[in-house]
Amino acid sequence: MTTVTVRKNRAGAYTGFTCSGHSGYAAAGSDIVCAAVSILVINTVNSIERFAQDEMQVRTGEEEGLIEVVFPNEVSRDAALLMDSMVLGLTDVKDQYGRKYLKLQFEEV
């Protein structure tokens, strides 16, 4: 199962997220759930970097399927919109393929 934990502060501003694990929907190379999640997450990181230019600390680990992003400063409006878009896409994937393969959770920090 892939788990995505989205972190927000008490004011509701994004502070980062962690995506880890492999969905197990299908064999490697044929896993459309894993591909969808990867595209949504990686595109969000790339889009924030290119279009919003917010500072972020990114840590990855290919074997464990890890992408961790920390925003050390308050995110811009553009970055927040891109994060909202990622959450919308992940919610749609979870709703379509089930919680057996993708767990989306929110954490207040």
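Visitor: What percentage of the 109 residues in the protein is made up of buried residues, and what does "buried" stand for here?

Guide: In this predicted model, buried residues make up 39% of the 109 residues, where a residue is called buried if its relative accessible area is under 20%.

Visitor: Which residue can show what "exposed" means, and what makes that word apply?

Guide: Lysine 100 has a relative accessible area of 62%, and the cut-off for exposed is over 50%, so lysine 100 is called exposed. Lysine 100 sits in the loop between helix 2 and strand 5 (102–108), and, leaving aside neighbours within four places in sequence, lysine 100 is in contact with Met1 and Ser23. Arginine 77 is 23 residues away from lysine 100 along the chain, and 33 Å separate their C-alpha atoms.

Visitor: What makes strand 3 (57–61) and strand 5 edge strands?

Guide: The 5 strands form an open sheet with mixed pairing, in the order 3-4-2-1-5. Strand 3 and strand 5 each have a single partner strand, so one side of each is left without a neighbour in the sheet. From one strand to the next, the twist averages 10°.

Visitor: Where does helix 1 pack, and which strands does helix 1 touch?

Guide: Helix 1 packs on the sheet and touches strand 1, strand 2, strand 3, strand 4 and strand 5, its direction making about 145° with that of strand 2. Helix 2 packs on the sheet as well, touching strand 1, strand 2 and strand 5, and its direction makes about 140° with that of strand 5.

Visitor: Why are helix 1 and helix 2 called roughly antiparallel?

Guide: The axes of helix 1 (residues 32–52) and helix 2 (residues 77–97) come within 9 Å and cross at roughly 175°. Angles over 145 degrees count as roughly antiparallel, and the two helices are therefore given that description. Their contact includes Leu40, Val41 and Phe51 in helix 1, and Leu82, Met86 and Val93 in helix 2. By class, the contact has 16 nonpolar, 3 polar and 1 charged residues.

Visitor: Why is the protein said to be as compact as a globular protein of its length?

Guide: Read along the sequence, the protein follows the pattern β-β-α-β-β-α-β. Its radius of gyration is 13 Å, close to the 13 Å that the globule rule gives for 109 residues, so the protein is as compact as a globular protein of that length. Along the principal axes, the C-alpha trace spans about 40 × 25 × 20 Å. Among contacts with a separation of 6 or more, 58% come from residues 24 or more positions apart.

How values were computed. Residues numbered from 1 in each chain as written. Predicted model: local features only at pLDDT ≥ 70, side-chain atom pairs only at ≥ 80, totals over all residues. Heavy atoms only, no water. Axes fitted to C-alpha atoms, helices over the stretch in contact; angles between N-to-C directions. Helix = DSSP H or I, 4+ residues; strand = E, 2+ residues; numbered from the N terminus. Parallel < 35°, antiparallel > 145°, perpendicular 65-115°, else oblique. Contact = heavy atoms within 4.5 Å. Nonpolar A, V, L, I, M, F, W, Y, C, P; charged D, E, K, R; others polar. Rg over C-alpha atoms; globule rule 2.2 N^0.38 Å. Buried < 20%, exposed > 50% of the residue type's maximum accessible area, 1.4 Å probe, protein only. Pairing = 2+ DSSP bridges.
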